[in-house]
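Hi everyone, thanks for coming. Please take a look at the structure on the screen, and then I'll walk you through a few of its details.

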Amino acid sequence: MKKPVQKRVPDPGLTSAVSALTGKREALLSPLATTSADAVRRYRRVPEDIRTPYSRDADRIIHTRAFTRYIDKTQVFYLVENDHITHRVIHVQLVSKIARTIGRCLRLNEDLIEAIALGHDIGHIPYGHFGETCLSALCGQYGIGKFSHNVQSVRFLDQIEDCDLTMQVLDGILCHNGEGDDVRITAEPLESWAAFDKKVQDNADGHRSRSPMTLEGCVVKFADTIAYIGRDLQDARDVGLIGDLLQIPEQSREVLGSTNREIINTLIYDLLENSDTEDEGYISYSHDVEKALITLRSFSRKHIYDNPILTSERAKIERMYATLFATCLEALERMDTSAKISTDFIATGWTSPRYLETATPAELVRDFIAGMTDRYFAKRYEECVIPRRIEGKFR
């Protein structure tokens, strides 16, 4: 009989040397940066290894099923067949790269920044922000409150796949949204897991999130805007929603630039010049850039996000969500173990038993739909409304 392969135990000398090197590297960070010693896990089921706690969190996020599904979740332009427009999988990489560049210059913890950035949009659902509106309405209708993608991101990582991430990473993911109103952010520490859980519940109840507990989380919050604001303009031009980028308001062009490259460059340098991570501890834009960014967001809202060409199919998408939610809920009520909500979500083996024991049927449906890619969502809807044809004979 073949002997089972034993897990390799790291050499204590190597572990000690790597730990010492990590300590030296983190000693060079800003006094207000978040270090490995600050990391707090809810369970600590296994001891830490040669990775920093936040680097380990990034690895755990990458290996989740939810992260894999980034590949077919659109950013803005759902129902558009174009291989060159931004999907979530590209957006999170852009956020990670931009945020790490800013963090490095401000002497903050890049491992923590990377983990937050990679996980920040995991809770996004089919058909972007409009899909979120549809699902939130259904959640209210079925008595399970509102739906928010930032809360859902935490739910996937902390409950559904039970990754045991650090509070610092989960908090940064929770607080990444609402960046449209952010001009200057100061970190607000959290004292306990109870305080974090209350913060999550407050978000779930529809209250505006407080600031992240770390400066690294604040950086990701800003980097999210930097990653999408110019890129959305570029994509909108590529799909024909807007023409020449000279259509951008003059105030925004003069301050930020006209191209994605110019906008990213301007916003990064402005943050670096106006943030303080040494004494007071805040991340901030200048007043001129703030005004230009607000103007550009308004332009994008009108000409891109609410463009009638882009929104013309919304009534159909609403019906798709309503039909699929009701069908999945009915399958649970019938205890149909052959239904996709069972085979592809409940009985997969990677869904946490603790979560399954406590989730209500409506919550299971919410989380199943929230995890779908755009393509998978459309396929499940087709199964609900198009009769199944039999080839040749019944088997």
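**Charged pairs and a buried helix**

Let's begin with Asp-59, which counts as partly exposed because its relative accessibility is 27%. Here, buried means under 20% relative accessible area, exposed over 50%, and partly exposed in between, with a 1.4 Å probe and protein chains only.

A word on the source: this is a predicted model, where local features need pLDDT of at least 70, side-chain atom pairs count only at pLDDT 80 or more, and totals for chains, interfaces and linings use all residues. Residues are numbered from 1 along each chain as its sequence is written, and side-chain values use heavy atoms, leaving out hydrogens and water.

What does Asp-59 form with Arg-51? A salt bridge, with the closest N and O atoms 2.8 Å apart. That term means a side-chain nitrogen of Lys or Arg within 4 Å of a carboxyl oxygen of Asp or Glu. Arg-51 is partly exposed too, at 30%. By this rule, the count comes to 25 salt bridges.

Another pair is Asp-121 and Arg-88, at 2.9 Å, N to O. Asp-121 sits in the loop between H5 and helix H6, and Arg-88 in helix H4, so the pair ties together parts 33 residues apart in sequence. Both Asp-121 and Arg-88 are buried.

Seven of the 10 residues in H2 are buried, so the helix is largely enclosed by the rest of the structure. Among them are Pro-53, Tyr-54 and Ile-61.

Technical notes. Helix = DSSP H or I, 4+ residues; strand = E, 2+ residues; numbered from the N terminus.
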